[in-house]
Structure formats: structure tokens, C-alpha cells
Amino acid sequence: MDEITIWENLSPEEKKRELFLRQKRTLDLFLEKNAISKSQYDKSLGDLKEKMNIATTHEEFLDIAENHPGFIKAMWCGDRACEELLKEKAGVSSRCMPFEQESLTDKCVCCGKPAKKMVYWGKAY
């Protein structure tokens, strides 16, 4: 069986998982080929975790954006108007929606509607 036939037989969830594994393998090869040591990677991962803040309310989100450097992990309803409002009020924009989603709360940090995704937010400098 060739790769195309196998791919066609995968369910949507299996395809997502396979794409994730391919991206991980690509990253692993990149790390090996570019001689990035495990200690450098661990330090970078530690820095990311250290600079990641969690917001569950609008007030908390605005406070973190104003007073703490780094990223904000928060729930979002998916509405573009909420994204624009956060950009206007806090000076942040969405940075990424991780493949591995967490449920921090069930409400959007901006409008309070049911949240669809957990998003990393940050300021552009």
C-alpha cells in the first residue's frame, strides 16, 4: 500500500494526529541538524512557561497585559470583534491557537459568551 492510499483511509482525527506527528518529526530533525542542544531548548521552554500568564476574566486580562511582560493564555469565543476590542483596549493580538487545547474557563475573556478556543495573546514590539 502506498502512502496516498493509507492517507485516504484515515479518519479526520487520525489525519490531525498524523500531521502533528509529522510536524514534531520535522522539528526534531531541525533541532538535530542545527545542533541546538537540549539545554538550550529546555531553557527556551522554561522561559516561555515563565512568561506565560493565565487570564480568566476581562479585568484580569487587562491587568496582565498592562503589568506583566510575556504572553497571556485565555479563552476566546472566536468573534473577530472581540479580538479587535482586545487589541484596542490592551494592545495585544492573538499569537496562536495551540493544537493541544486547554479549557481554562467556559467563557470568552472579552465578551463572556461561550468560548470556543484557548488562545495565546501577546503584544507586538
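The points below cover the cysteines and then the sheet.

1. First, a caveat: this is a predicted model. Please read everything that follows with that in mind.

2. If you were hoping for disulfides, the model holds zero. Cys82 is in no disulfide, and its nearest cysteine sulfur belongs to Cys111, 3.6 Å away.

3. Why don't Cys111 and Cys82 count as bonded? A disulfide needs the two sulfur atoms within 2.5 Å, and the sulfur of Cys111 is 3.6 Å from that of Cys82, so the gap is too far for a bond.

4. Are these two cysteines buried or exposed? Cys82 counts as buried because its relative accessibility is 6%. Cys111 is partly exposed, with a relative accessible area of 36%.

5. On to the sheet. Four strands make up an open sheet with mixed pairing, and their order is β1-β2-β4-β3. The edges are β1 (52–54) and β3 (93–96); each has a single partner strand, so one side of each lacks a neighbour in the sheet. From one strand to the next, the twist averages 45°.

6. Look at the β1 end in detail. β1 and β2 (residues 71–76) run parallel and are joined by three bridges. Asn53, for instance, has Ile72 in β2 as its bridge partner.

7. Finally, there is a helix to check against the sheet. Helix α4 (residues 58–67) packs on the sheet and touches β1, β2 and β4 (117–122). The direction of α4 makes about 160° with that of β2.

Notes
Residues are numbered from 1 along each chain as its sequence is written. This is a predicted model: local features need pLDDT of at least 70, side-chain atom pairs count only at pLDDT 80 or more; totals for chains, interfaces and linings use all residues. Side-chain values use heavy atoms; hydrogens and water are left out. Buried means under 20% relative accessible area, exposed over 50%, partly exposed in between (1.4 Å probe, protein chains only). Two strands pair if DSSP finds at least two bridges between them. Helices (H or I, at least four residues) and strands (E, at least two) are DSSP runs, numbered from the N terminus. Axes are lines fitted to C-alpha atoms, for helices over the stretch in contact, and angles run from 0 to 180 degrees between N-to-C directions. Contact means heavy atoms within 4.5 Å.
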